[in-house]
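Here is a walk through one protein model. Keep the view open and follow each stop in turn.

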Amino acid sequence: MAKKTVQPKKKTQSKKKAPIKKKVLRKTQVQQREEVKFTGQVTKVRQVRPATVIEWPRSITHLHTYGMLSPFFEGLKKGELRATRCPNSKCLENRLWIPPRAHCPDCHTEMIWKTLPNPVIGTIYTFTEVVYAGTGIELSTPYWQVDVEISGLATIPKSYLLYGKPHIGMKVKAEFRTKKPTNTVLDYYWVPYEP
Ligand SMILES: [Zn+2]
């Protein structure tokens, strides 16, 4: 027994001396290398018995770029409705597009921008009452979703009526959430137009 205990001690001592130099080297290596780091928040443990239960929030931040359509959203913040148009004179579709397109759907030419003169008056083409909005729609329900015809547009864009009750053929005016913009397409909406 005595012999056995002595032998491992010697081994440990001899091993200890050698690793000291190695440790110094390792420290230098640690400073130079990029390590994977935990970037989240420490998970809260709710209970450990009879089994471990953690709280695992599932919310995420999704990074989304507006890309070449950014001028549309910058316009909304300034109270401007901006549309795109194909500059190709040979293209059969020369009307405006809202929602904007980066490239012409017909000839693939890069579109150019045009700001609609205020006030923008449109006509309700159709409408529907939204009682249960889809995920990501940050509007109180129920609300009226309206498809509005605007003169000079190739499209009939969807938006919502801020107040009032819609009917087909009703005149509406575009308004903008310029004071507290949401930086989304919700920054423009329609209100009943009474000239
Ligand atoms: Zn075109």
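Start with a residue in a loop. His-108 sits between strand 4 (96–97) and strand 5 (112–115). Its phi is positive, about 70°, although His-108 is not a glycine. Is this residue buried or exposed? His-108 counts as exposed, because it has 10 C-beta neighbours inside 10 Å, and the cut-off for exposed is 12 or fewer. Bear in mind that this is a predicted model.

Asn-183 lies between strand 9 and strand 10. Asn-183 is not a glycine either, yet its phi is positive, near 65°. With 12 other C-beta atoms within 10 Å, Asn-183 is exposed.

Now step back to the whole chain. The protein has two helices and ten strands. Along the sequence they follow the pattern α-β-β-α-β-β-β-β-β-β-β-β. Of the 195 residues, 14% count as buried. Take the contacts between residues at least 6 apart in sequence: 46% of them join residues at least 24 apart.

Strands 3, 4 and 5 come next. These three strands form an open sheet in the order 4-3-5, with antiparallel pairing. Strand 4 and strand 5 are its edge strands, as each pairs on one side only. Look at the join between strand 3 and strand 4. Two bridges link them, and the strands run antiparallel. Arg-85 has Leu-96, in strand 4, as its bridge partner.

Strand 6 has pairings of its own. Strand 6 and strand 7 pair in the antiparallel sense over seven bridges. Thr-128, for one, has Gln-145 in strand 7 as its bridge partner. Strand 6 also joins strand 9 through three bridges, again antiparallel. There, Thr-123 is partnered by Lys-171 of strand 9.

Follow strand 6 to Val-130. This residue belongs to strand 6, which covers residues 121–130. How exposed is Val-130? Val-130 is partly exposed, because 15 other C-beta atoms lie within 10 Å; that count falls between the limits of 12 for exposed and 20 for buried. Leaving out residues up to four places away in sequence, Val-130 touches Thr-141, Pro-142, Tyr-143 and Gln-145. Thr-141 is eleven residues from Val-130 along the chain, yet their C-alpha atoms are separated by 6.6 Å.

The loop between strand 6 and strand 7 holds Pro-142. The peptide bond that joins Thr-141 and Pro-142 is cis, with omega about -5°. Another cis bond joins Arg-49 and Pro-50, where omega is about 0°. Pro-50 is also in a loop, the one between strand 1 (44–47) and strand 2 (53–55).

Which of its residues are buried? They are Phe-72, Gly-75 and Leu-76. These residues cover an arc of only 100° around the axis, so they are on the same side of helix 2. The spacing fits a general rule. An α-helix has 3.6 residues a turn, so residues three or four places apart point the same way. The cover over the buried residues of helix 2 includes strand 3 (82–85), strand 5, strand 9 and strand 10. After the helix comes Gly-79, with a positive phi near 80°.

The last stop is the interior. In soluble globular proteins, nonpolar side chains tend to be buried together. Here, the largest nonpolar core has 18 residues, and those with the most contacts inside it are Leu-81, Val-146, Val-148, Val-172 and Trp-190. The elements that give two or more residues to this core are helix 2 (70–77), strand 7 (143–149), strand 9 (171–176) and strand 10 (188–192). Which of them gives the largest share? Strand 10 does, with three residues.

Methods: Residues are numbered from 1 along each chain as its sequence is written. A nonpolar core is a set of buried Ala, Val, Leu, Ile, Met, Phe, Trp, Tyr and Cys residues joined through C-beta atoms within 7 Å. Helices (H or I, at least four residues) and strands (E, at least two) are DSSP runs, numbered from the N terminus. Two residues are in contact if their C-beta atoms, placed from the backbone, lie within 7 Å. Two strands pair if DSSP finds at least two bridges between them. The arc is that of the directions from the helix axis to the C-beta atoms.
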